[in-house]
Amino acid sequence: MKQATTILAFETPGRGLTDITRTIARWQQESGIGEGLLTVLCRHTSASLLIQENAAPEVRGDLMAWLDRVAPEGGHYAHDDEGPDDMPAHLKAVLTGVNLAVPVIGGRLALGTWQGIYLAEHRRRPHRRELALHLIGT
């Protein structure tokens, strides 16, 4: 059994979904581990991770619009230390999650045909986000 770990950093342009599949897949392939389990942790409380459709950009837009409706900005939150998008960003991260587990089979991430891994930025302004990756297998 082998293990590999790393911290990857991504620059986000502000609110939206950033496809990070290729970067993570490249790291997995460079690790030399072809069978196992990859875990990914977003090290932030106002950003999150999703596995979602990678073909139709409308899906990503609809997801972000839905999150905005579920956790809207406004003056009704006690926590607004960093502005009106602060608490809604935390709520969106709770809803979507900050960790993923992806099997590695046959030397590749076992994602479906139309699946991609996305870093969801829930704040309006750009951020530098870090993800911790751990891969265990053979």
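Q: How many residues does helix α2 have?
A: Welcome to this predicted model! Helix α2 covers residues 57-70 and reaches 20 Å from its first C-alpha to its last. That reach is close to the 20 Å expected at 1.5 Å a residue. The number of residues in α2 is 14.

Q: Which residues of α2 are buried, and what arc around the axis do they cover?
A: The buried residues of α2 are Arg60, Met64 and Leu67. They lie on the same side of α2, because the arc they cover around the axis is only 60°. An α-helix has 3.6 residues a turn, so residues three or four places apart point the same way. To repeat the answer, Arg60, Met64 and Leu67 are buried, with an arc of only 60°.

Q: What do the buried residues of α2 pack against?
A: Their partners include one helix, α3 (86-96). The strands they pack against are β2 (16-19), β4 (47-53) and β7 (115-121).

Q: Which residue in β7 is the bridge partner of threonine 18?
A: Strands β2 and β7 run antiparallel and are joined by four bridges. In β7, the partner of threonine 18 is leucine 119.

Q: Is threonine 12 buried or exposed?
A: Threonine 12 lies in strand β1, residues 2-12. Beyond its neighbours within four places in sequence, threonine 12 is in contact with Thr18, Leu119, Glu121, Pro126, His127 and Arg129. Buried means under 20% relative accessible area. At 4% relative accessibility, threonine 12 therefore counts as buried.

Q: What is the radius of gyration of the chain?
A: The chain has three helices and eight strands, in the pattern β-β-α-β-β-α-α-β-β-β-β. For 138 residues the globule rule gives 14 Å, and the chain's value is close to that, so the chain is as compact as a globular protein of that length. The radius of gyration is 16 Å.

Notes
Residues numbered from 1 in each chain as written. Predicted model: local features only at pLDDT ≥ 70, side-chain atom pairs only at ≥ 80, totals over all residues. Heavy atoms only, no water. Helix = DSSP H or I, 4+ residues; strand = E, 2+ residues; numbered from the N terminus. Buried < 20%, exposed > 50% of the residue type's maximum accessible area, 1.4 Å probe, protein only. Contact = heavy atoms within 4.5 Å. Expected span 1.5 Å × (residues − 1). Arc of directions from axis to C-beta. Pairing = 2+ DSSP bridges. Rg over C-alpha atoms; globule rule 2.2 N^0.38 Å.
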